[in-house]
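Please read the following points alongside the sequence and the coordinates. They are arranged from the basis of the model to its individual residues.

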Amino acid sequence: MYVVILILHILVAIVMSFGRFSQDNEILALKTCGFSFLSVMKTPFVIVSLFMLFLIFFNNSVVPEANHRA
C-alpha cells in the first residue's frame, strides 16, 4: 500500500514541478536556449508511463485479491 502512495506522490510532484516551470517561464527559457518541448518532456513522460503501467497492474490484480482475502 505504501508503494502506491509513494508513486502517487511522485506523479503529483511531477505535475506540480511542470506547473511551476510554466509559472516561472522556465519552459520558455528552455525553448529560447534551443531545447524543444518534447525533449524536455521525454524523461518525465517515460517515468509517468512506467508508473501508470505499474498502477494499472496493481489496481487490477493486487487490490482485488487483497480485498477478497480480507
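1. Helices (H or I, at least four residues) and strands (E, at least two) are taken here as DSSP runs, numbered from the N terminus. The model is a predicted one, in which local features need pLDDT of at least 70 and side-chain atom pairs count only at pLDDT 80 or more, while totals for chains, interfaces and linings use all residues. Residues are numbered from 1 along each chain as its sequence is written, and side-chain values use heavy atoms, with hydrogens and water left out.

2. The protein chain holds three helices and zero strands, and its elements run α-α-α from the N terminus on. Its radius of gyration is 17 Å, well over the 11 Å that the globule rule gives for 70 residues, so the chain is more spread out than a compact globule. That radius is taken over C-alpha atoms, and the globule rule is 2.2 Å times the number of residues to the power 0.38. Along the principal axes, the C-alpha atoms fill a box of roughly 55 × 20 × 10 Å.

3. Of the 70 residues, 11% count as buried. Buried means under 20% relative accessible area, exposed means over 50%, and partly exposed lies in between (1.4 Å probe, protein chains only).

4. How do H1 and H3 meet? The axes of helix H1 (residues 2-23) and helix H3 (residues 37-69) come within 11 Å and cross at roughly 150 degrees. The axes are lines fitted to C-alpha atoms, for helices over the stretch in contact, and angles run from 0 to 180 degrees between N-to-C directions. The two helices are therefore roughly antiparallel, a term for angles over 145 degrees.

5. The contact (heavy atoms within 4.5 Å) involves, among others, Val3, Ile7, Leu11 and Phe18 of H1 and Val40, Pro44, Phe51 and Phe58 of H3. The residues of this contact divide into 17 nonpolar, no polar and no charged. Ala, Val, Leu, Ile, Met, Phe, Trp, Tyr, Cys and Pro count as nonpolar, Asp, Glu, Lys and Arg as charged, and the others, Gly among them, as polar.

6. Leu8 is found in helix H1 and is one of the residues in the contact with H3. At 41% relative accessibility, Leu8 counts as partly exposed.

7. Asn25 lies in the loop between H1 and helix H2 (26-32). Asn25 has a positive phi of about 60 degrees although it is not a glycine. At 48% relative accessibility, Asn25 counts as partly exposed.

Key:
Angles under 35 degrees count as roughly parallel, over 145 as roughly antiparallel, 65 to 115 as roughly perpendicular and the rest as oblique.
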